[in-house]
Amino acid sequence: MITSGLKGRDFISLRDFSKAEVESMLEVALQLKADNAIRRRHTDILPGRTLFMIFFNASLRTRNSFEAGIYQLGGNSHFLSPSDTRVPALKGEEIAYQTERISDMARVLSRMGDAISIRILGDKVDWVYDKGLRVIQEFAKWSDIPVINMEDNVYHPCQGMADVMTLREMYGRDLRGRKLAVSWTYSPSTKKPIAPHHDFMYAASYFGPEIVYARPPEMRIDPEIEAAIKANVEANGGSYSVVDNMEDACDQADIVYAKNHVCLDLLPPVAAQPKHEEMAKLFLKYKDWIADERRMKMGKPDAKYMHCLPCERGFEVTDEVMDGPWGAIFDEAENRLHAQKGVMACIIP
Amino acid sequence: MITSGLKGRDFISLRDFSKAEVESMLEVALQLKADNAIRRRHTDILPGRTLFMIFFNASLRTRNSFEAGIYQLGGNSHFLSPSDTRVPALKGEEIAYQTERISDMARVLSRMGDAISIRILGDKVDWVYDKGLRVIQEFAKWSDIPVINMEDNVYHPCQGMADVMTLREMYGRDLRGRKLAVSWTYSPSTKKPIAPHHDFMYAASYFGPEIVYARPPEMRIDPEIEAAIKANVEANGGSYSVVDNMEDACDQADIVYAKNHVCLDLLPPVAAQPKHEEMAKLFLKYKDWIADERRMKMGKPDAKYMHCLPCERGFEVTDEVMDGPWGAIFDEAENRLHAQKGVMACIIP
Amino acid sequence: MITSGLKGRDFISLRDFSKAEVESMLEVALQLKADNAIRRRHTDILPGRTLFMIFFNASLRTRNSFEAGIYQLGGNSHFLSPSDTRVPALKGEEIAYQTERISDMARVLSRMGDAISIRILGDKVDWVYDKGLRVIQEFAKWSDIPVINMEDNVYHPCQGMADVMTLREMYGRDLRGRKLAVSWTYSPSTKKPIAPHHDFMYAASYFGPEIVYARPPEMRIDPEIEAAIKANVEANGGSYSVVDNMEDACDQADIVYAKNHVCLDLLPPVAAQPKHEEMAKLFLKYKDWIADERRMKMGKPDAKYMHCLPCERGFEVTDEVMDGPWGAIFDEAENRLHAQKGVMACIIP
């Protein structure tokens, strides 16, 4: 376990962290979870610290887990919506009396508190793939305090940490020999980001599982991230492969992580403009891509279903899977709280 | 005083609680109120607990009393608006990427905190009478932590507790021989719920007063609740009757509780659709139904006026009554804080 | 230093406070700032206290500094938006089911917490110059707890306190002999209030500097406040003068405080209606009024630039000035936190 080198770091992408660093934060998270069963609050961990949470997008799990989490560590949070402040703007995108340049906002907040967390994706950045990430990175560039990514279009590292913590609770720290089926599913909405798929796989890749990604031929994850996942999982004793049907992935799987994600080829920068209508039509071709009982039964006898939530019941997953013996979903949701407490306890000075 | 059997309970309707249970929570509330005069916060009562407050409707008293209340008990609260999360939806009413099924939200929040409180009524449920209550009950069904009703179209039990606490401060624990005039009044708005009338009367009914409900012939309270009030007040040594003019109610009254409420016969399920225009016309026939000096003077010499607030000054009640010697309204408002602290201290584990 | 006479006072205008009182609050603020470098929170200063923050207008600095500030003093705050409650209304301006009379809101909040802070200006009062101030004064009239002005169209006393605290950190408590250039600048927005200019000058006037206010001939500050500034600064050994170009003000200045403000003659009560289009045209005549490197270099060698933020970069001030050696802006922003903690620690009982 590493006990130095984390204080003051930003938490924007898991790829900035070594396996030893990720494991250290997980171990702190597990320790905090056990402690939480005894007492709710540790006022001596981050006493008096203030976390600024900036939400461009709606949130249930992320907001409540951060707000409860920093409080349980002894601190406090501010729930900030761009409609309550001026809208943070990159240089060159400013509008008088409506926006404020990020460099100014970041430096001001740095003087008043201890960490900034940000969620910005989808419609809020007109589906420009890397724009949310650039906004978060710009905050980090100017901020003197740690910046935490609460999800952009590319990354959702807090979800990745909670996911791998849930895997560790089930299987221990070594995931070699475990098969993770990671699948696209249908959804009537074309607005579900791809970041959770990315970071579920990247977080797991540190621990060497067999990752099988299933998607229709028109769909894909970010190839640069795909290469990183492949390299990392192979370096840790596992494998990464892609199939074009759910069944091959689900067969003998330990975990079925199946949910919708957008079609990257119908969004910027590949497309000039987001093509949501075309995407909806494309998705309809694959309406039978759903996590259902039949597919769960193809997995190992104790196979579990995972989803970062919120899910589209009846489209991504059936009620039987969500509410039956397969669900690890609420453990996964709870671990958002503990995993993020582990991250915050390690990085906030 | 009962000291067991309350931990972990939901607080959705007073009708779920025995007289001994209501009295126990009131006694805790009075104790906490006295303590509050000495010190503001007791960090040893609910240390580290998180209350999730979900507000579909606007609120001043309810929100601030819960938010200050849980803080004063040592805990923390999250102010959640459905515009900041996905909208909680009953099964069958879901819309992809806009709603999340209540069973999922309730189970997720149960993993992250200690109680859920909900306000949902009126326009937010298209005036379907019992829909808000069903939403709250659905949260309670799936939640492992207590659920508190912060007002639906049917019940407002927190207001009822504050009201009866205010009566107890004035008259002691026995209300036999006290006359409570509970009246409809005019309002130019047709959106004022009936729940406060219901729970003022139901909360008082445990302690045996003479309840006289005054309303124009077209108006009524929920007959099922009316029967429950009548049965409960008679079992406790009091009486319930209905009159069609304010004067008969106010005559020799100790308390005049007079405010507008909707006309149930012009709303679902009696009407197929809410008929607000028709209701506004009907209300205009009774524009003289107002709590004024003349009517207050018909009561006992020390008669008091009560209203859960916010009130429509000049329509429901005159400035003279609000700001004159009759007002018990700000004691009543303050007791929201203490009554709810009593409830939370008893039911939150 | 004065240690009595401040508890329970409202903080609406600096003009209600003597020099000794302002100095006492500044000294407390400086003490709290030094302590803050060692520990983040002092739970023994305002333990268990609740601050109700009512924001009609957007805010970054004000909200976060108050929210973090009261927390660091051991208390808690509620972020209240008029869209989440009924809208506070003066008598005669009420609308049933949409507004609540201020006298009622103020008395209710007084029963539930310990201080009320309010921001209300600009569009939210249809640019009626004194209406926001009247709303704040009405809250203070009915409230039993201190009311703090978080900015109206006339005053921004918290900003004034932070500004003069920043001057004190640079120059000590005596500002005699220091030249403050206080200038209007161009902005493409016509919605930037004049209150910060007023209170920067009034706060400084206690300590005797040479204040030179520069503005185009069509612009002016409130003449009644101008007279008060002049009288106060002269009584304290300084001077106040007005010039019609930035250069005369910047020449040999220690401080350049340069930002846009509205044209009072194009707003009520001088104009019957706000004339924003006419104002935008007028402003365009003075597009070269900007705080730039050339003008900063006209000042003393160690001249500093101040601005309450948010600023319109490229219009009010250049990037070179904001991000170069002249900026005292982030010290100024940080001092919002400490100055307000000083005020709250002194006035909240």
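In chain C of this predicted model, C:Pro269 is placed in the loop that runs between β10 (255-259) and α9 (276-284), where helices (H or I, at least four residues) and strands (E, at least two) are DSSP runs numbered from the N terminus. The peptide bond that joins C:Pro268 and C:Pro269 is cis, with omega about 5°. In chain A, a cis peptide bond likewise joins A:Pro268 and A:Pro269, with omega about 5°, and A:Pro269 lies in the loop between β10 and α9 (276-284) of that chain. Most residues other than glycine have a negative phi, and most peptide bonds are trans.

Residues are numbered from 1 along each chain as its sequence is written, and chains are lettered from A, with ligands numbered from 1, in the order in which they are written. Because the model is predicted, local features need pLDDT of at least 70 and side-chain atom pairs count only at pLDDT 80 or more, whereas totals for chains, interfaces and linings use all residues.

Two residues with positive phi were also examined. A:Tyr97, which is not a glycine, has a phi near 65° and is situated in the loop between β3 (87-89) and β4 of chain A. With 17 other C-beta atoms within 10 Å, A:Tyr97 is partly exposed; a residue is termed buried if 20 or more other C-beta atoms lie within 10 Å of its own, exposed if 12 or fewer, and partly exposed in between, the C-beta atoms being placed from the backbone. B:Glu151, also not a glycine, has a positive phi of about 120° and belongs to the loop between β6 (147-149) and α5 (157-171) of chain B. B:Glu151 counts as buried because it has 28 C-beta neighbours inside 10 Å.

The arrangement of the chains was considered next.

Between chains A and B, 27 residues of chain A are in contact with 23 residues of chain B, contact being assigned if the C-beta atoms of two residues, placed from the backbone, lie within 7 Å. On the side of chain A that touches chain B, α2 (61-72) and α12 (329-347) each supply at least two residues, and α2(A) gives the most, with 7 residues. By class, this side has 11 nonpolar, 6 polar and 10 charged residues, where Ala, Val, Leu, Ile, Met, Phe, Trp, Tyr, Cys and Pro count as nonpolar, Asp, Glu, Lys and Arg as charged, and the others, Gly among them, as polar. Towards chain C, 23 residues of chain A are in contact with 27 residues of chain C. Here β1 (50-55), β2 (76-80), β4 (99-101) and α3 (102-112) of chain A each supply at least two residues, with the largest share, 7 residues, coming from α3(A). The side of chain A that touches chain C comprises 8 nonpolar, 6 polar and 9 charged residues.

Within chain A, strand β5 (residues 115-119) is mostly covered, since 5 of its 5 residues are buried. A:Ala115, A:Ser117 and A:Arg119 are buried on one side of β5(A), and A:Ile116 and A:Ile118 on the other. β5(A) pairs in the parallel sense with β1(A) over 5 bridges, two strands being taken as paired if DSSP finds at least two bridges between them, and A:Phe55 stands opposite A:Arg119 in β5(A). β5(A) also pairs in the parallel sense with strand β6 (residues 147-149) over 3 bridges, and A:Asn149 in β6(A) is the bridge partner of A:Ile118.

A further open sheet of chain A contains 5 strands in the order β9-β8-β7-β10-β11, with parallel pairing. Its edge strands, each pairing on one side only, are β9 (239-243) and β11 (304-306).
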